[in-house]
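Welcome, and thanks for taking a look at this protein with us. Here is a short briefing to read alongside the sequence and the 3D view.

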Amino acid sequence: MIDRETVERIKDAADIVDVVSDYVHLTRRGANYMGLCPFHNERTPSFSVNKSRNFCYCFSCHKGGSPVNFIMEKEGLSYHDALLHLARKYNIEVQEREISDEERTARNEREAMAVANEWAAKEMSSNLLETAEGKNVGLSYLYGRGVTAEAISQFRLGYAIDRGDALSEKARRAGFDIGVLLSLGLLGKSQQGHTYDKFRGRVIFPIINPSGRVVGFGGRDLKGGPAKYINSPESAIYSKSNELYGIYQAKGEIVRQDKCYLVEGYLDVIGMWQAGIKNVVASSGTALTDSQIALIHRFTNKITVLYDGDKAGIKAALRGIDMLLRQHMEVKVLLLPDGHDPDSFARSLKADDFRAYIEEHETDIIRFQTQVLLDEAGQDPQKRIAAANAVVRSISAIPDKLARRVYTQECAKIFGLDEETVFKAVEHTMQESERQYQREKEKEQRRREAAKRAEEEGISRSAVDSGISPQAQEEARQIQNPGLEAAGVNKTASVAERRQPFLEGIEREIMKICVRHGYSIFYDYVDEESGEREVCNMVHYIMGELEVDGLGFSTPAYDEIVKALIEGEEKFQRDCNRFLAEIHHETEEMRAHRREELASSVISMERLQIEEQRMDEEFTRYSAERLQDYACDYTVRFLTSHENNIVRRTATELLYDRNQMSKRFTKSLRPEELRQREEESLQTRILVWLNNIKYEVFNQRIDAITEEFRQSQLAGRDPEKERWFMTQMVQLNEQRKHYARLLGDRVISPRKR
């Protein structure tokens, strides 16, 4: 549907830092950026963004990839629609043909819902601004509440025509599947089977996620019905506990101000926005959830919660304190004067006066909680104990040790308790909470891993997270264990099972090199006899070495990556030739400038020749280094934005190492020394891992033929078969010994079979 040239323009334009920043507040750490992962709730940042390679990755949940893959994961889009999303972001024109009704029906549920929601939002905005009913009813109400035309446009407010079939009739004429609108809650179905518009006669507040997509709606009744507000039901694209009203409009200002104001309702957000407080969001009437807090935390860790000053407002302010503190939030609370909510209070003051009131009256959440609970407890000892325990629980949720100590001192002073007693209670509660959190985190991780394995539908994934784990090495050593037969275990089956994780770990190491350096040059030399230049990149060398012995990968996903690299090689060569031309032009300019400097200097002819030779060597090395860097970056970008889902996901998993060289070590080396060490290490690692995989495969072949020989012996002796088996065993053992000698750390010893 999108031509290849446009796809490449979209990929080239999409900057990973820019794309991720729409969802995550990033902080620069050296060459990379870090932030809280947008794919799961976490307290400390584990989401890394590499600008130079246009790549992101979470070390906890292992999600990430290129800008395209990030949008696919975050928005639940197909590869095609993720490209369209990025094209809109970067104003790249995409020529597409109109999709047919059959193709629209074939879209998956999430995509169809997103399209329908966007269409419905536009229709209801048009109703509000262009129809007589919308102007007389909806627009009059909004103007009466002080909502300006600018706010109406910014928040995409709308109106649903007060007729039971207004929206459904338009949807049918537009070719939408009525079933999709039913699942979104835009339409309902009567007992007689008739569809009707659920939001009819209401002012509409679209709920927009951080990327600008309409995921749901809130509708305000204007006729005095039993339900003042109704909201979209839970669906594949909308979960009320995960969304915040106004986050799309507020996210930029939240980052700039490094602070977020949290209110309860739609009009509270709009009222404060009109008063100049742009960094405000609403929980839309729900109790604050961990997911909503995590969404705020991606942009800032400072939050002020605004509530009405009545008893209900005070109770609401006390809910969720521990959740906020546990997620490293710096929390303040502001109770408004009686009779006011954020909307009405914002309209009663000038913008500067409203901001000044907030700054003067917002209170630290722990001090607020302590004072409220003490006032409620009075002199009742049991209530004071319960109040103290509640404050202790909240203090224990504060991650910063110094802050906990300060609050502990204040709590002890206010409650008239011994400071050490309160401190021990806080520490005990904190430890117990952390144990509970870790248990829940491990449980959630196991659930995600199980879901991922089910999703992959049989595609093998290495049991080793990074390299070969100690457990796998131990299992490999235990292959020599002669006690298996005595225990009644099928030894050959056990050997295969024990060898496989070890072999998969080796394959994983080889594939990491392919993903990072697949198009990099492994060797480049001129044959002395033929005079022909021999050039071979990493992926061709690795596959050539494996194919010599009739080997391949046991993991199908790795075969897909190799296939993708080989298929993309022709395009890489074209792009690489253009890059080489740029380097040549650049070096020629540098060379000309250097020659001018040499010509103007007073040096001997001999010295001039030496300088020219040194210059040639320097530029040759510079060009080679630039080309190597280009090949590495190209390989990574190509694989992590590949249209094949298996290639993209597996490459993403393989790209990040938990174990990297220490900064102290790398700083002690000059850049050229570091590069040389990396290249030498890479060459050595390739040879070691290839020899390892060959050694292990020949071990497996020997085990297999040994078992086959045993089975044939049970069926009766056959001299011809015995000679054939012996010949095969001799050949396999010779090959295994060869690779054992190359590895230098394998001892071939006889063992009982």
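Strand β10 (residues 214-221) is joined to β11 by 3 bridges, and the two run antiparallel; strands pair if DSSP finds at least two bridges between them. This is a predicted model, in which local features need pLDDT of at least 70 and side-chain atom pairs count only at pLDDT 80 or more, while totals for chains, interfaces and linings use all residues. Residues are numbered from 1 along each chain as its sequence is written, and side-chain values use heavy atoms, with hydrogens and water left out.

- Another open sheet has 5 strands in the order β1-β2-β3-β4-β5, with antiparallel pairing.
- Its edges are β1 (27-29) and β5 (64-65); each has a single partner strand, so one side of each is left without a neighbour in the sheet.
- β4 (residues 55-58) pairs with β5 in the antiparallel sense over 2 bridges, and Y57 has G64 in β5 as its bridge partner.
- Helix α29 (residues 645-655) packs on this sheet and touches β4 and β5, its direction making about 75° with that of β4.
- For such angles, axes are lines fitted to C-alpha atoms, for helices over the stretch in contact, and the values run from 0 to 180 degrees between N-to-C directions.

- Y33 sits in strand β2 (residues 32-35).
- Y33 counts as buried because its relative accessibility is 15% (buried means under 20% relative accessible area, exposed over 50%, partly exposed in between, with a 1.4 Å probe and protein chains only).
- Beyond its neighbours within four places in sequence, Y33 has contacts with residues including V17, L26, F47 and K51 (contact means heavy atoms within 4.5 Å).
- Y33 and V49 are 16 residues apart in sequence, yet their C-alpha atoms are 5.0 Å apart in space.
- The side chains of Y33 and R28 make a polar contact at 3.1 Å.
- H85 lies in helix α4 (residues 79-89) and is buried, with a relative accessible area of 13%.
- Not counting residues up to four places away in sequence, H85 touches Y23, I71, L77 and S211.

**A pair of helices**

- The axes of α19 (residues 381-396) and α20 (residues 401-415) come within 10 Å and cross at roughly 170°.
- The two helices α19 and α20 are therefore roughly antiparallel to each other.
- Where they meet, α19 contributes residues including R384, A387 and V391, while α20 contributes residues including R404, Y407 and C411.

- The protein has 32 helices and 18 strands (DSSP runs numbered from the N terminus, helices being H or I with at least four residues and strands E with at least two).
- Buried residues make up 46% of its 753 residues.
- The average pLDDT is 78, and 82% of the residues score at least 70 (pLDDT is the predictor's confidence in each residue, from 0 to 100).
- Over residues 658-671 the pLDDT is below 50, and this stretch has 12 contacts in the model beyond near neighbours in sequence.
- Where pLDDT is low, the predicted coordinates should not be read in detail.

Terms used. Polar contact = N/O pair within 3.5 Å; in protein donor to acceptor, adjacent residues only side chain to side chain. Parallel < 35°, antiparallel > 145°, perpendicular 65-115°, else oblique.
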